[in-house]
Amino acid sequence: MHRGSSKGAQDRLRTPESLPLSASTSRLVPVDLEVTRAGRSVGHHLEVPSGTLLRDVLRRIDQMPEGSLVLEEGTSIPLDTPLDRPRRLLVVPTHSGG
């Protein structure tokens, strides 16, 4: 075995590097969603890590992102919007069953 080989005995007492983990300090962002369909609405409150995409939040409440229109104060917002602040959103399903 030559010097510097990755094979063979390794120093098991060596401490691993300490790297900062941004995910470990991520803050939670409150998101209120109102899903409206056929004159009825259902509210959902979630707290998600800052930066979570809107499409992932919709999946968490069992809504198909590609079949949903999401409005914030009357303006549609893209599904790839990262949620980094508290939001109140209206979700309108645009697909029908069957």
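A nonpolar core, as I use it here, is a set of buried Ala, Val, Leu, Ile, Met, Phe, Trp, Tyr and Cys residues joined through side-chain atoms within 4.5 Å. Buried means under 20% relative accessible area, exposed over 50%, and partly exposed in between (1.4 Å probe, protein chains only).

**Ground rules**

I am working from a predicted model, where local features need pLDDT of at least 70, side-chain atom pairs count only at pLDDT 80 or more, and totals for chains, interfaces and linings use all residues. Residues are numbered from 1 along each chain as its sequence is written, and side-chain values use heavy atoms, with hydrogens and water left out.

**Entry: overall layout**

Helices (H or I, at least four residues) and strands (E, at least two) are DSSP runs, numbered from the N terminus. Of the 98 residues in the protein chain, 28% are buried.

**Entry: the core**

I looked up the largest nonpolar core and found 15 residues; Val31, Leu33, Leu54, Val57, Leu58, Val70 and Leu89 have the most contacts inside it. Strand E1 (28-37), strand E2 (40-49), helix H1 (54-60) and strand E7 (87-93) each give two or more residues to this core. I then followed Leu54: leaving aside neighbours within four places in sequence, Leu54 is in contact with Val70, Ile77, Pro78, Leu79, Thr81, Leu83 and Leu89. Contact here means heavy atoms within 4.5 Å.

**Entry: the sheet**

I traced an open sheet of five strands in the order E2-E1-E7-E4-E5, with mixed pairing. The edge strands, each pairing on one side only, are E2 and strand E5 (75-76). Two strands pair if DSSP finds at least two bridges between them. E4 (residues 68-72) and E5 run antiparallel and are joined by two bridges; Leu71 has Ser76 in E5 as its bridge partner.

**Entry: Thr52**

Thr52 sits in strand E3 (residues 52-53). Thr52 counts as buried because its relative accessibility is 12%. A polar atom of its side chain lies 2.6 Å from the backbone oxygen of Pro49. Not counting residues up to four places away in sequence, Thr52 touches Val57, Thr81, Pro82 and Leu83.

**Entry: two positive phi values**

I noted Ala38, a residue other than glycine with a positive phi near 50 degrees. Ala38 is in the loop between E1 and E2 and is exposed at 78% relative accessibility. Glu73, also not glycine, has a positive phi near 55 degrees; Glu73 is in the loop between E4 and E5 and is exposed at 81%.

**Entry: salt bridges**

My search of the whole structure gave five salt bridges, each being a side-chain nitrogen of Lys or Arg within 4 Å of a carboxyl oxygen of Asp or Glu.

- Glu66 pairs with Arg55, with the closest N and O atoms 2.8 Å apart. Glu66 lies in the loop between H1 and E4 and Arg55 in helix H1, so this pair ties together parts eleven residues apart in sequence. Glu66 is exposed at 58%, whereas Arg55 is buried at 18%.
- Glu72 pairs with Arg85 at 3.8 Å between the closest N and O atoms. The pair links distant parts of the chain, 13 residues apart: Glu72 is in strand E4 and Arg85 in the loop between strand E6 (82-83) and E7.
- Asp56 pairs with Arg59, the closest N and O atoms being 3.2 Å apart.

I also found Arg55, Glu66 and Asp80 linked in a network of salt bridges.

Terms used:
Polar contact = N/O pair within 3.5 Å; in protein donor to acceptor, adjacent residues only side chain to side chain.
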